[in-house]
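Q: Please take a close look at the charged side chains here. How are they placed, and what do they pair with?

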Amino acid sequence: MYISTEKKSKTFSQTESNMVAVKVTLRKREYPSGRVALYLDFYPAIRNPRTMQMTRREYLGIYIMKSPRTAADRRNNATKLKQAEAIRAQREISLINEQYGFLDKSKGQMSVLEYFYSVLQGHDKKWRIVYEHFNIFVKGKCTFDEITVDFCNKFREYLSTTKRIKSDTLKLSQNSAAGYWSTFRAFLAIAFKEGYLTENVNDYLDKLDTQETKREYLTMEELTTLAKSECDFPVLKNASIFSCLTGLRLSDILQLEWSHIQDYPGGGKCIRIKTEKTDTEATIPISDQALELCGTPSEGRIFKGLTRQMVNSRLKPWLKSAGIDKYITFHCFRHTYATLLIAGGTDIYTVSKMLTHKNVSTTQIYADLVNEKKKAAAE
């Protein structure tokens, strides 16, 4: 049963040269229980921008009594009717301005975690780590209506004090926390752009400062010494020297296959690979010496048997046996590649492309390292 109230409104929106009339009417729907639901009736139907379907009705979630018996019931009915009328007036203004966001009320109650998980599929693994930290922070449940400035600042504080995902003792470093916070803010920007957040909370959030870190690398003499030293795990040695000669990260070396080695248009060979961290396609020329480290061409992975566990447990003893006392991780081989290129006279733009950096400013760090080395030598 449908009962029309007396309050109606006509609004007009200009669409190029023709005028389209829209009626917004507050209506009632009576249920057998005696409750009466209030809803808005749009005529003609308008398109829901999210589902792209045409719709005539918007239920307001407001109910009144069909036959109020007391003065209190009548006052309650009157109050709710005023609320419904106020919403009808707001819809009128929205239609005039051609803003239809009110048709997608479900977004505020949507799961942030489900949306976050769908977004991270197109990004590097850092997004997944941030997702895991956020999942821990919200204890597995969060809606978009909960995302406020204060809520986000509490997550910022969590990142500044929490431990690493895979450790019960090691605290998250300041630079990692800053990077994860930056990624989370990038997620918020996407959510706002796609209409899941009604306010751009990023405008009210401060960044986390990073700390200056020392980037260790091997000199040419140290690299030569390491290449000549014996290693109990030949695949570890070959992969390490290969990283020094190509600048590839461990994550990319672990997934490197023979199909990634292709002919280079300018002659010789190159690596064509989609880097795991930056998720970008890269073409990296390689020398004959680097190619020799790959061994005999075959199928599948190039450095078969190489694992992260092997790198974590056996790299340090090998470096020590070679007489290298610096704190060198596998990633330092990438630093070695960059500093040796710049020290050899390669311009910073080319080095940036070889390292698959998105910004030259990131590569500038290696140029500064070389300049400091030159200054120390001059003094």
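A: Buried means under 20% relative accessible area, exposed means over 50%, and partly exposed is in between (1.4 Å probe, protein chains only). The areas come from the Shrake-Rupley method. This is a predicted model in which local features need pLDDT of at least 70 and side-chain atom pairs count only at pLDDT 80 or more, while totals for chains, interfaces and linings use all residues. Residues are numbered from 1 along each chain as its sequence is written, and side-chain values use heavy atoms, with hydrogens and water left out.

K139 is exposed, with a relative accessible area of 75%. K139 sits in the loop between α3 and α4 (149–161). Helices (H or I, at least four residues) and strands (E, at least two) are DSSP runs, numbered from the N terminus. The backbone at K139 has a positive phi of about 60 degrees, although K139 is not a glycine. Most residues other than glycine have a negative phi.

Helix α3 (residues 125–137) holds K125, which is partly exposed at 44% relative accessible area. K125 belongs to a surface patch of positive charge together with K126, K166, K277, R308 and K358. Such a patch is made of residues with over 30% relative accessible area and no salt bridge, with like charges joined within 9 Å. Lys and Arg count as positive, Asp and Glu as negative, and His and the chain ends are not counted. Each charge is placed at NZ of Lys, CZ of Arg, CG of Asp or CD of Glu.

Next come the pairs. Side chains of opposite charge can pair when their charged atoms come close. A salt bridge is a side-chain nitrogen of Lys or Arg within 4 Å of a carboxyl oxygen of Asp or Glu, and the count by this rule is eight. In one of them, K66 pairs with E30, with 2.6 Å between the closest N and O atoms. K66 is in the loop between β4 (54–65) and α1 (71–96), and E30 is in strand β2 (residues 18–30), so this bridge ties together parts that are 36 residues apart in sequence. K66 is partly exposed at 48%, whereas E30 is buried at 18%.

A salt bridge also joins the side chains of E85 and R88, again with an N to O distance of 2.6 Å. These two are three residues apart in helix α1, which means that about one helical turn separates them. Both E85 and R88 are buried.

The bridge between K326 and E222 has its closest N and O atoms 3.0 Å apart. Because K326 lies in the loop between α10 (308–321) and α11 (332–343) and E222 in helix α6 (residues 220–228), the pair ties together parts that are 104 residues apart in sequence. K326 is partly exposed, at 27% relative accessibility, and E222 is partly exposed as well, at 21%. Elsewhere, salt bridges that share partners join R27, D41 and R56 into one network.

A37 is in strand β3 (residues 35–47) and is buried, at 2% relative accessibility. Strand β3 also contains P44, which is joined to Y43 by a cis peptide bond with omega of about -5 degrees. Most peptide bonds are trans.

Methods
Patch = residues over 30% accessible without salt bridge, like charges linked within 9 Å, V, L, I, M, F, W, Y side chains within 5 Å. Areas by Shrake-Rupley, 256 points an atom, 1.4 Å probe, with all protein chains shown as cover.
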